[in-house]
Amino acid sequence: QVQLVESGGGLVQPGGSLRLSCAASGFIFSNYAMGWYRQTPGKARELVASISSGSYTNYVNSVKGRFTISRDNAKNTVYLQMNSLKPEDTAVYYCNVLVGVYPWGQGTQGTVSS
């Protein structure tokens with residue numbers, strides 16, 4: 001069955017960095033565009049970055065220039081490098097396919113606070 005397992009979150013100060021990982025299994029990872037999403041309490045889940053099967057990337061304006069999405073098809077893993085973090089980046093971060101949706105993983109909490 002499909003599994004998406006996110007990791008790498010934590011507590012950092014403003015201006016700090018985190019690198020998130022998402023290990024995927026149960027589907028042909030290399031065929032799928034992938035996305036990183038985030039959610040805060042009381043708000044809808046938001047797509048922040050995406051990467052196509054050919055590694056074309058796209059970002060929401062609020063993270064452009066600070067976040068970098070990448071993928072390693074040999075490891076069935078998608079990454080999100082987050083730099084120059086701001087308190088408003090605090091959220092639970094999830095990965096999923098970009099078109100359609102597989103069951104969501106548990107997510108990984110990223111907290112930006114001094």
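Mentor: For this one, a disulfide is a pair of cysteine sulfur atoms within 2.5 Å. The model is predicted, so local features need pLDDT of at least 70 and side-chain atom pairs count only at pLDDT 80 or more, while totals for chains, interfaces and linings use all residues. Residues are numbered from 1 along each chain as its sequence is written, and side-chain values use heavy atoms, with hydrogens and water left out.

Trainee: OK. How many disulfides does a search of the whole structure find?

Mentor: The search turns up one.

Trainee: Which cysteines does the disulfide join?

Mentor: Cysteine 22 and cysteine 95, with an S to S distance of 1.7 Å. Strands (E, at least two residues) and helices (H or I, at least four) are DSSP runs, numbered from the N terminus.

Trainee: Is cysteine 22 buried or exposed?

Mentor: Cysteine 22 is buried, at 0% relative accessibility. Cysteine 95 is buried too, with a relative accessible area of 0%. Buried means under 20% relative accessible area, exposed over 50%, and partly exposed in between, with a 1.4 Å probe and protein chains only.

Trainee: Switching to charges. How many salt bridges does the structure hold?

Mentor: Three. A salt bridge here is a side-chain nitrogen of Lys or Arg within 4 Å of a carboxyl oxygen of Asp or Glu.

Trainee: Which side chain does glutamate 46 meet in a salt bridge?

Mentor: That of arginine 38, at 3.0 Å, N to O. Arginine 38 is buried, with a relative accessible area of 8%, whereas glutamate 46 is partly exposed at 30%.

Trainee: And what about arginine 38 with aspartate 89?

Mentor: Their side chains also meet in a salt bridge, 3.0 Å from N to O. Arginine 38 is in strand 4 (residues 34-39) and aspartate 89 is in the loop between strand 8 (77-82) and strand 9, so this pair ties together parts 51 residues apart in sequence. Both arginine 38 and aspartate 89 are buried.

Trainee: Where is arginine 66, the other partner of aspartate 89?

Mentor: The side chains of arginine 66 and aspartate 89 form a salt bridge at 2.7 Å, N to O. Arginine 66 lies in the loop between strand 6 (57-59) and strand 7 (67-72), 23 residues from aspartate 89, and the pair links distant parts of the chain. Arginine 66 and aspartate 89 are both buried.

Trainee: Which residues do the shared partners join into one network?

Mentor: Arg38, Glu46, Arg66 and Asp89, through salt bridges that share partners.
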